[in-house]
Number of protein chains: 4
Amino acid sequence: MSSLKLHGVVPPVVTPLTPDFHVDKPALRRVVRHLLDGGVHGLFVLGSTSECVFLNEFQRSEVLATIAQENNGQVPMVAGTMDPATDRVVEHARQARAAGVDGLVVTAPFYTRTSQAETIDHFRMVRDAVDLPILAYDLPVCVHTKLERPTLRTLYEDGVICALKDSSGDDGNMRMVMRDFAGRDDFSILTGSEIVCDYAMLGGAHGIVPGLGNVDPAGYVRLYDAARRGDWTAARAEQERLIALFQIVFQGVPQTSPNASGVGGFKTAMQLMGLIPHRHMSRPNKPLSDEQADRVKAILIQGGLL
Amino acid sequence: MSSLKLHGVVPPVVTPLTPDFHVDKPALRRVVRHLLDGGVHGLFVLGSTSECVFLNEFQRSEVLATIAQENNGQVPMVAGTMDPATDRVVEHARQARAAGVDGLVVTAPFYTRTSQAETIDHFRMVRDAVDLPILAYDLPVCVHTKLERPTLRTLYEDGVICALKDSSGDDGNMRMVMRDFAGRDDFSILTGSEIVCDYAMLGGAHGIVPGLGNVDPAGYVRLYDAARRGDWTAARAEQERLIALFQIVFQGVPQTSPNASGVGGFKTAMQLMGLIPHRHMSRPNKPLSDEQADRVKAILIQGGLL
Amino acid sequence: MSSLKLHGVVPPVVTPLTPDFHVDKPALRRVVRHLLDGGVHGLFVLGSTSECVFLNEFQRSEVLATIAQENNGQVPMVAGTMDPATDRVVEHARQARAAGVDGLVVTAPFYTRTSQAETIDHFRMVRDAVDLPILAYDLPVCVHTKLERPTLRTLYEDGVICALKDSSGDDGNMRMVMRDFAGRDDFSILTGSEIVCDYAMLGGAHGIVPGLGNVDPAGYVRLYDAARRGDWTAARAEQERLIALFQIVFQGVPQTSPNASGVGGFKTAMQLMGLIPHRHMSRPNKPLSDEQADRVKAILIQGGLL
Amino acid sequence: MSSLKLHGVVPPVVTPLTPDFHVDKPALRRVVRHLLDGGVHGLFVLGSTSECVFLNEFQRSEVLATIAQENNGQVPMVAGTMDPATDRVVEHARQARAAGVDGLVVTAPFYTRTSQAETIDHFRMVRDAVDLPILAYDLPVCVHTKLERPTLRTLYEDGVICALKDSSGDDGNMRMVMRDFAGRDDFSILTGSEIVCDYAMLGGAHGIVPGLGNVDPAGYVRLYDAARRGDWTAARAEQERLIALFQIVFQGVPQTSPNASGVGGFKTAMQLMGLIPHRHMSRPNKPLSDEQADRVKAILIQGGLL
């Protein structure tokens, strides 16, 4: 079976939208170039930060094709397949395979409540249908099912998954997962956090999947490189700089939802940096107001990004 | 704007599947006839019990067309449009309108966390895109956002929604909602419970949306009729009979998830009653084992349905 | 072993406080007379509404003695024993027995997370230490452990508990519990709800434990009596009147916590009705402001209680 | 006002019990000597791991006096005051002050649901009543109220608290708290984790409050010292050794609750190491079985502690 060894900074690529809610392909290409210029080690296409579940089949295919073309094989590409249940995920997986991605990102089913045994079957069925390496995405805040430690272990031992993206926020459990997989060179563990990446690297993680990496990819690459060479003072300093920058995600609340304030904060920063022309998100997420955007701008200036 | 006054028993129609996971149209027609013969007052197509979110666009369209054809205007039809966010819901809504339904069923967005303000916008956008009456579906166990009382009130006052299906399990809050809408003849409130329908009717609900109604529609119609004429002794007795029958939903646990045990219990009963040839659900839900099916059978015999 | 057959309206008696946070015994006696004059069938001393867990041993003993003296055997008295773990609960239970109560009210342990098996042991140990009938109090919102159906059944079959107060808000589960105990004349089920008492009575409950009963005991007695004689139209009308009155519990939010707004609403109403001189609660709960108290007053006037 | 600068390893001291559930004072003295010999920098008396909320006033006073006597001023002592609400906490605080402790540990109220504003008042009232430095203890898993970032900031700025013990398990939020208090030399931040102490130290924490420190205090001191001198390779290696040892806390589940399996695991290890004669906990927690204790023994042998 095919495999994939992920490492380094693998940002979930933001999806810029035109005023009438189409995928803004020229802007998306600019975003990809910005990330590659920043030195990222991979691209996570159609992640939560990419507003994946807001997009229809056609939009997903446009995103996949545009990023694949711009990346042109420079770094590995993995694609999110998020939808409520197995057969719809398989459809997304086939679409992603056709676009030439190197691996799939799969969560537990959602809307429906699924047992761990059914969740294991779900991953197996996707793998059986589309023979591509699978990164398991633990995201209980969105899918409301935890990928438990024995579930991950079973899926790994059966050759179903080759990596974990841990966005659970439960760093204690993630540390135990890293212990479960210690010495397994064919399994990668990546954190979905923006603000404790140095922790994860100290604990043995292989990579980082930061939404904020859309704004400052080079910063996360510096953090990763410092950690890899064991310079924890530099890694921590870079992390603290990025935590200051991360405050852009809180400027929309409480008027907008945390989700819209977060992705909206990234998009607003990217608009201010000239990467994308518009900052609005898919419906019904509220865009940041001009006043909120001004607060994002102040943070960017403070952080030396403007 | 168009409106719709729902009342009575409006079951969410189970979706029978062929062994290779296609919609079993002949079986679905039998299910519809079974419901109409049982005296139901409406049909809720593509609800949670219909495995709505497991189905792709094509399967949804087949379900809609098959039920619309078999119903042939005998009772009102409302259609679920469940998917994570607004524009995908609008696509489902347009498909449902094309199939000739009388109203739409809309939940809050899911996977993404959505504020009440964004949730209000979501309903408005669907209504603006597809001018059909909307039944708001409060289902926090699946979508993890509560439709709060002021949200419902705002949506009603703005002419966006004309009914509520309350599947929250929070009967105290639902009672307060009934108070909020007391005297509003243009708003219907229906409970999604199978086991406290007599309560809801006593509190002033206009209807019932019971998954178990697929198995015993006539029982729910008797319960509804008794409640309507104020015969609470008869309503309670019928409810208690249906609670005994409802035990079929617990025969799959803990091996399967509560969701699969529930819908699987309905499908198993319908298979045993000769309504549908197969009891399996969409993937990755586990079907009930033969031993579990035997326990369902015993409950049906006990309840006089076999 | 001793037993106790509870039924009817058994309000949790509010604890009036002096300005320096002592138990206001004269006011407490007035509250008890008010309840007895209202026709209540029992008294629940030291419940959550009594601010039980805020009180020290001495205060608890004062409350017990004062109420026991004023009640003077007119109606059964049960006493809350709430504290985090077994041996401290046993101390409270002994104190209550010494005060002459007819039964104990026991929750699952709290602060510490306790398994159902340990919870069963907890109830057994209390019963073994103090041979008094025990009412199990299901209150997951405060103790964060659910008394599951098999737990209740085991405790009943072992002769440990003789009644349930269900304050879970999960009326579907409570309906199943009522089914589990159908035909068991030696087990009473009471609802802790103020707003769906008619539902509970329709489902077969034996009694009601309403905090709002401190304000309007006669109203709950009328509701109970109507339900007992099968006059559901009258029961529902009384319930709806009480729901309107129940709005007094929401006048403190969002400035104060739901707990303080609820008990504070009761105390404010009782102050306005001349039953108690002060409306403040134990620390750190914030009392209702004068403006909030005015809104409570308006509701009382509207409800004909002032 | 008095202050206290906590740092280093400050374990929550386990409370050994005699067979009839009294405090085993000779064993408690041995535990304290074991900790001091291990080089700990402070003692947290009457913490959650000490079974604080299970103990009555007399037992709490015995624990305080015994530890104070054995410690004899060698390291700072802080005392837990946990109970549901303010005035009972004040009583514990006075008792602790009388025993000569250097500071208090205070959580949000529990059982009752408390707003952030009321929680702030709670801390202020305790501080006003007993002028001792206060360590705020964030423990949502037990008290179900989060100490939010603005709450901590307000309490610090008002001179109410001088330290935080973060047992929330939310390391991302704790990192933000560390940022909030960057450069504040008069505020200490300690982690309550056993398994990500190296993370916390890398992020800038001043200390560690590990329950497992009862078993291996010297190991946590080595971890702390390595982190302090910037030797993150050594800190991580020590942490990973301690994670292996931490598996003793899982040997009781699922038969016992997580709480009983955790503290029970510590006590079992201490019994096996000859520190305490008995491993049982306060009622109703189940002790580890002999078979479970054998698994703990194997882990200790593997870890070189036996």
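This is a predicted model: local features need pLDDT of at least 70, side-chain atom pairs count only at pLDDT 80 or more; totals for chains, interfaces and linings use all residues.
Residues are numbered from 1 along each chain as written, and chains are lettered from A in the order in which they are written. Local features need pLDDT of at least 70 and side-chain atom pairs pLDDT 80 or more, while totals for chains, interfaces and linings use all residues; side-chain values use heavy atoms, without hydrogens or water.

Across all chains, the search finds zero disulfides, a disulfide being a pair of cysteine sulfur atoms within 2.5 Å. For Cys197(A), the closest cysteine sulfur belongs to Cys142(A) and lies 18 Å away, too far for a bond. Cys197(A) is also buried, at 0% relative accessibility; buried denotes under 20% relative accessible area, exposed over 50%, and partly exposed the range in between, with a 1.4 Å probe and protein chains only. In chain B, the sulfur of Cys142(B) is 11 Å from that of Cys52(B), its closest cysteine sulfur, again too far for a bond.

Asp198(C) is buried, with a relative accessible area of 0%. Its contacts (heavy atoms within 4.5 Å), leaving aside neighbours within four places in sequence, include Arg175(B) and Leu202(B) as well as Trp232(C) and Gln239(C). Asp198(C) and Gln239(C) are 41 residues apart in sequence, yet their C-alpha atoms are 6.6 Å apart.
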